[in-house]
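Subject: The structure, and what I found in it

Hello,

Here is the structure I promised to hand over. Please open it next to this message and follow along.

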Amino acid sequence: MSKNSKVLNLKDKISGNEMDLSLCNLTEVPVRELALFTKATVLDLSCNNITSLPPEFCNLTHLVKVDLSKNQLTCLPDDLGNLSSLQHLDLYNNKLNVLPVSFSQLRSLKWLDLKDNPLEAGLAKAAGDCLDEKQCKQCATKVLQHMRDIQEEVDRTREKRLLREKELEKKKEAKQREREAREREARKREKAEEKEKRRKEYNAQMAAAAAREQQKKKSEEKKKKNGQAAADKKVVVESTAKPRRSLIGLVFKLLLLLLLGLAGVAAACRLTDLQKEAVCVPVNVAVDDGLSWAKEQEGVVRQLVQNLSSAAKEFLESTQATKN
């Protein structure tokens, strides 16, 4: 059956403001089609095989009277309280045990029949017998009050649960804050310890540098003292050696002059006309004796000449150094 044929059939079921779908062997409620007929405020779904109402049924807020008697309903949708215009509800002869908590929000409800349902004890006591119009009206009033009590209990329970959850959340947050505080304190201690470690290392480095600098100064002072002592010693040595060399040089010079003088006298007496003079006779004799002795002592003379040469060389070097 197409949607258009359903709509057409529903139109056939309308009489004024009443939609009569009783005895249609329905197993579910055609909610989408019913939503198109907002003027049909009275809905008769009795004597069918409906086992449950879809959640969308709660959007049919235009309904004022609903007859669901003699079906197989085992439960009602949780948002049934959205049917704010509902005044008359017939649930006779179904399989309901409880009503949704939102039932307490049906503030316009004036008439209710819950006979022949396996209701739980508290709900059954509130519903009563529903044998006549008066009892059905009383049923609506008492059941609404009963459901409001349940709603309040549910609200209190929810509030307690929320309060417990809030307390648990607070405790959790407090523990979290404590843990974070401990972690911050631990990090702070670690930073302080690390800083103290770096400070000690820095002090140790500075102390080592100061020690090296002190050692360097001591070493430089020692070198300076040693250098000064060596310089003083050198000056003393030079001051003592210099007069000695000067004295030796003077003696050598005198001897050299003497030798040159003697050589000059000997040469004058041997090579000039003065050799016949009385003064030169002993000189010539001494020279002849010396030559004879020299021939005899040729090796000694050679050694003497070498010594004289060395002495002359040393004398010349000493003289040159003294000039510089």
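**Overall layout**

Please keep in mind that this is a predicted model. The chain has 324 residues, and 24% of them count as buried. It holds six helices and six strands, and in sequence order the pattern reads α-β-β-α-β-β-β-β-α-α-α-α. Among contacts in the chain with a separation of 6 or more, 37% join residues 24 or more positions apart. The accessible surface is about 23,200 Å², with carbon and sulfur atoms making up 55% of that area.

In soluble globular proteins, nonpolar side chains tend to be buried together. Here the largest nonpolar core has 43 residues, and the members that touch the most others are F57, L91, L99, F103, L112 and V143. Two or more residues each come from α2 (31-34), β6 (111-113), α3 (121-127) and α4 (133-271). Helix α4 is the biggest contributor of these, giving six residues.

Setting aside neighbours within four places in sequence, F57 is in contact with V29, V31, L43, L45, L63, V66 and L83. The other, L112, sits in strand β6. L112 counts as buried because its relative accessibility is 0%, under the 20% cut-off. Beyond residues up to four places away in sequence, L112 touches L89, L91, F103, C130, C136, C139, A140 and V143.

**A histidine and the cysteines**

Not counting residues up to four places away in sequence, H62 touches L34, F37, T38, A40 and T41. H62 and L86 are 24 residues apart along the chain, with 7.9 Å between their C-alpha atoms.

How many disulfides does a search of the whole structure find? The count is zero. As for individual cysteines, C58 counts as buried at 2% relative accessibility, whereas C75 counts as partly exposed at 39%.

Side chains of opposite charge can pair when their charged atoms come close. The whole structure has six salt bridges, and these are three of them:

- R156 with E153: the closest N and O atoms are 2.6 Å apart. The two are three residues apart in helix α4, so about one helical turn separates them.
- E165 with R161: the closest N and O atoms are 3.8 Å apart. These residues are four apart in helix α4, so again the separation is about one helical turn.
- R199 with E196: the N to O distance is 2.3 Å. They are three residues apart in helix α4, which means about one helical turn lies between them.

Lastly, L247, L250, V251, L254, L255, L256, L257, L258, L259, L260 and L262 make a nonpolar surface patch of about 1,100 Å². One of its members, L262, is placed in helix α4.

Terms used
Residues numbered from 1 in each chain as written. Predicted model: local features only at pLDDT ≥ 70, side-chain atom pairs only at ≥ 80, totals over all residues. Heavy atoms only, no water. Core = buried A, V, L, I, M, F, W, Y, C linked by side-chain atoms within 4.5 Å. Buried < 20%, exposed > 50% of the residue type's maximum accessible area, 1.4 Å probe, protein only. Contact = heavy atoms within 4.5 Å. Disulfide = S-S within 2.5 Å. Areas by Shrake-Rupley, 256 points an atom, 1.4 Å probe, with all protein chains shown as cover. Patch = residues over 30% accessible without salt bridge, like charges linked within 9 Å, V, L, I, M, F, W, Y side chains within 5 Å. Salt bridge = Lys/Arg side-chain N within 4 Å of Asp/Glu carboxyl O.
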